[in-house]
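Here are a few notes to go with the model, written for a colleague with the coordinates open. Have a look first, then read on.

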Amino acid sequence: MKFWYCWLLAAALCFTGCGRQERREAVSFYKVLSQKGADFAATNALEKDLLGSTKAWCEGITSNGAGRGKQLEENTDSATALSQSAALVSVQLGQFRQALNDQPLKQENVQSVRGNLMKQIMTRQKMLQEVRTALDSSAADFKAFAQSRAYIGDTYPAGIDKLTSMLERYKGPDDVIARAIVDLKAKYKIAAADLGG
């Protein structure tokens, strides 16, 4: 009987200890996410503005054509500037991803939260890369149109249709960090006292 009681007590202590370690990691990760939250929200706003502007620019081109002369130059410049902005947003997302990856997490549940965040950020970076590729291709096509004697202003780059199709499905960036903060706080009952130091 004493053996059974000792085994039960040891198991309970182990589970309690493991739970405490998981909670410690969750609180630590919560702090990191809270520190990054405002910057992540600003990056989300930048991404939303960038892709909204890109969509409006594409709609103007599909409605009015690529133009000629100075218009082609302006469209080349716009495509290049939008591509550079997409690269900047992707770099900022990459910095968040790296900050998450740098956290020394060992507990499976907290690792799962991090993995989910990183997966969603990588999906966004992939989309931004596709946007950049279409914009760079369009910039090259605008330049080619400007140098072609055969071009009479009756078409536009294929990349514009690709961008339009991608951006019609775009619903805006989710604030996945804010959601993870709320979930961690609820699951691990994180209180102000836990965040003191």
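1. Start at L184. Leaving aside residues up to four places away in sequence, L184 touches A26, F29, Y30, L33, V113, K189 and I190. Keep in mind that this is a predicted model.

2. Two of those neighbours turn up again in the core. The largest nonpolar core has 45 residues, and the members touching the most other members are F29, L33, W57, F142 and L184.

3. Which elements give two or more residues to this core? They are α1, α2, α3 (108-147), α4 (158-169) and α5 (176-187). Of these, α3 gives the most, with twelve residues.

4. Now the aromatics: there are three aromatic pairs in the structure. One of them is F40 with F96, whose ring centres sit 5.0 Å apart with the planes at 80°, so I'd call this pair edge-to-face. It ties together distant parts of the chain, with F40 in helix α1 (residues 2-64) and F96 in helix α2 (residues 70-101), 56 residues apart. Are these two buried or exposed? Both F40 and F96 are buried.

5. F145 and Y151 make another aromatic pair, this one stacked, at 4.4 Å centre to centre and 5° between the planes. The relative accessible area of F145 is 17%, so F145 counts as buried, the cut-off being under 20%. Y151 is buried as well, with a relative accessible area of 7%.

Definitions and conventions. Residues numbered from 1 in each chain as written. Predicted model: local features only at pLDDT ≥ 70, side-chain atom pairs only at ≥ 80, totals over all residues. Heavy atoms only, no water. Phe/Tyr/Trp six-rings, centres within 6.5 Å; stacked < 30°, edge-to-face > 60°. Helix = DSSP H or I, 4+ residues; strand = E, 2+ residues; numbered from the N terminus. Buried < 20%, exposed > 50% of the residue type's maximum accessible area, 1.4 Å probe, protein only. Core = buried A, V, L, I, M, F, W, Y, C linked by side-chain atoms within 4.5 Å. Contact = heavy atoms within 4.5 Å.
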